[in-house]
Every structure is written in C-alpha cells, then in structure tokens.
Amino acid sequence: MSNNPYETSFGYGAQTTTPAASPSLSAGSSAAGATGGDLIKDTTTASFAADVVRESRNQPVLVDFWAPWCGPCKQLTPILERAVKAAGGRVKLVKMNIDEHPSIAGQLGIQSIPAVFAFVNGQPVDGFMGALPEGEIKAFIDKLGGEPQDPVADALAKAGELLASGDASAAAQLFGAVLQHDPDNLKAAAGLAECYLAADDIEHARAILDQLPPEALDDPAFATVRTRLKLADEIAQLGDDAALQARLDADPNDHQARFDLALIANAKGDRQTAATLLLDIIKRDRAFDDDGARRKLLEFFDVWGGKDPATRDARRRLSSLLFS
C-alpha cells in the first residue's frame, strides 16, 4: 500500500496519475467542447424568438443578417463562424437570410448588409455593419461574452487558498488535477510539493523536485519549497533538542546551541520560539556566524509569509533591535 498521503505521482513532461479532476478545473472545459453545430445555426422568422430572443438569456447571441447576392457577406460569415467556435460557447451565432426572411431586418431598421446584431437578455445591445477583420470581431465577442476563462489558473488560485487555509489535502487534489491536465505546469508541481511539506512528507516533496530539469527549479514558484527543503536538511543534522537545551542552560553564550534550537522550533511549527531564539542571538552577538541569525530569520520570513503573525511580530522586534 502506498504511503503517499495524496495518492498521486508526478512526472515532468510525462503521463501523470492523479486524483480525478476537480469540478473547478473541468467546468471551464465543457463549453470549449461544444461543437460548431451547437453554436451556429440558421433561423427563420418563425423560430427567431426561440433561437435568438430566448436563447440570448443563456448567453449572448450574434445574428448575422445576410443574403446570397452579398459579396461582403460571403467574406464575413466564415470569419464570424471561426470566431464563435474559438470563443468556446461564450456566444452563439444565428444566421438569417433576409431575402427569405425580411421582416426581422425591417423591424430592426437594417438598410445594408452584412449586418451583425448582438442580443443579450432578449434585447439587441450592440452591433456592426460591414465585413470587419477577424481581430475586431474577436474583440467584439470578448466584450460581449467576457474574456475566455482559464480553468487552470482558477484551479491553481483555489488550491493556493486551500493550502494557505491549512487544507493541504484538498489543495493537493486540485494541484494533482492541474498536473493531470498539464504535466509540465511548474506552479502545480511546486504547489503539490508544498502540500507534501505541510504533511511533513519530505520524501515525496523532494521526489517532485528531483524529477524536474535543473533549470525549472529556478522558477520563483519553487522558492518556498527550496528554502523549506534546505531547512529540513539542516535540521536533520542538528541532533537532540534536549541536549542542545542543556548546553544552553549551562552556557547562555552558546549561540550555536541557541541557533540549532531555533531551527528545531521552526521545524516543529513553533515560530514564535524560533524567532525569539534568533532575535536573542542578534541582541547578544550580531557578529555570530557572520550575522547568520539575522539571515536565517529572513529565510524564515520567506517561508512563513509576510502576513503571518509570527513574521509581523518578529519583523517589528528585529527593526527595534537594528534601528533603536
């Protein structure tokens, strides 16, 4: 039986085995999978109310008024169809031949074609005349239907919120879903490694980094992971905290013992004690280890985050020591 708390594996640039994709990741892909037949249709006077007016209450509907004899219409319609398909369901396209069905165009006061009207919530809200370039049509659609959603970015943001709130297991599910969708996503890989670290699973966190090309580790997404693994390596060589405390009790100027105790306290999640021990070194002997206590405290700040109460308190106390 696997000892992996999240039952997921990561392989850079390879097939991954991850938890089932979460709803927040897969929801954005359903519209993108809509076929052209779902998004584009011809309408008549009789079906206009259903195809355009009622349907526009679900998403914007573009109505392309055209005629077989209209040269610019023949240029515009394929461009419209491509843009609507590329929008992935954010808008639909309905085409109306005004030679066969002139009454709607007459009611809207259309005097030249091609003419495109955008309907939203049952009403025409915007439009244009003539054959526009594809880029302008895309911008027109974006204005109507909103910018394309990025389900991967949404999933990463949600996973980051879950991890910050302490729900590493749920965060890991989302990071794993992103990796299933995009095995090369460095933010998801770094996030999953942080989930392992939150579960004190150093082995699996390190395994993720070991599978990455060296240059990938320079990505800022891995800054926290690298720092925490570095701290873990240091802590593994520190020895027994009771023996260190005995040394410090015997000699209050044993700053190495105090420094090592600070690392152990941080590893145990006691940030206040870790900061206090390092601040005590700075107060007693700023030159210790070439200002090593201050440098280590700054490393802790990076790992804890600027909004953490321990960071805020220790930063205030450090400023008081340095500038008073």
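**View 1. G88 follows helix α4 in this predicted model.** The phi of G88 is positive, near 60 degrees. Helices here are DSSP runs (H or I, at least four residues), numbered from the N terminus. Residues are numbered from 1 along each chain as its sequence is written. Local features need pLDDT of at least 70, side-chain atom pairs count only at pLDDT 80 or more, totals for chains, interfaces and linings use all residues, and side-chain values use heavy atoms, with hydrogens and water left out.

**View 2. Helix α4 covers residues 71-86.** Buried residues (under 20% relative accessible area, 1.4 Å probe, protein chains only) of α4 include L76, I79 and L80.

**View 3. C70 and C73 form a disulfide.** The structure holds one such link (a pair of cysteine sulfur atoms within 2.5 Å). The two sulfur atoms are 2.4 Å apart. The link is right-handed, with 80 degrees about the S-S bond. C70 counts as buried because its relative accessibility is 2%. C73 counts as buried at 2% too.

**View 4. C195 is buried.** C195 counts as buried because its relative accessibility is 0%.

Definitions and conventions:
Helices (H or I, at least four residues) and strands (E, at least two) are DSSP runs, numbered from the N terminus. The expected span of a helix is 1.5 Å times one less than its number of residues. Buried means under 20% relative accessible area, exposed over 50%, partly exposed in between (1.4 Å probe, protein chains only).
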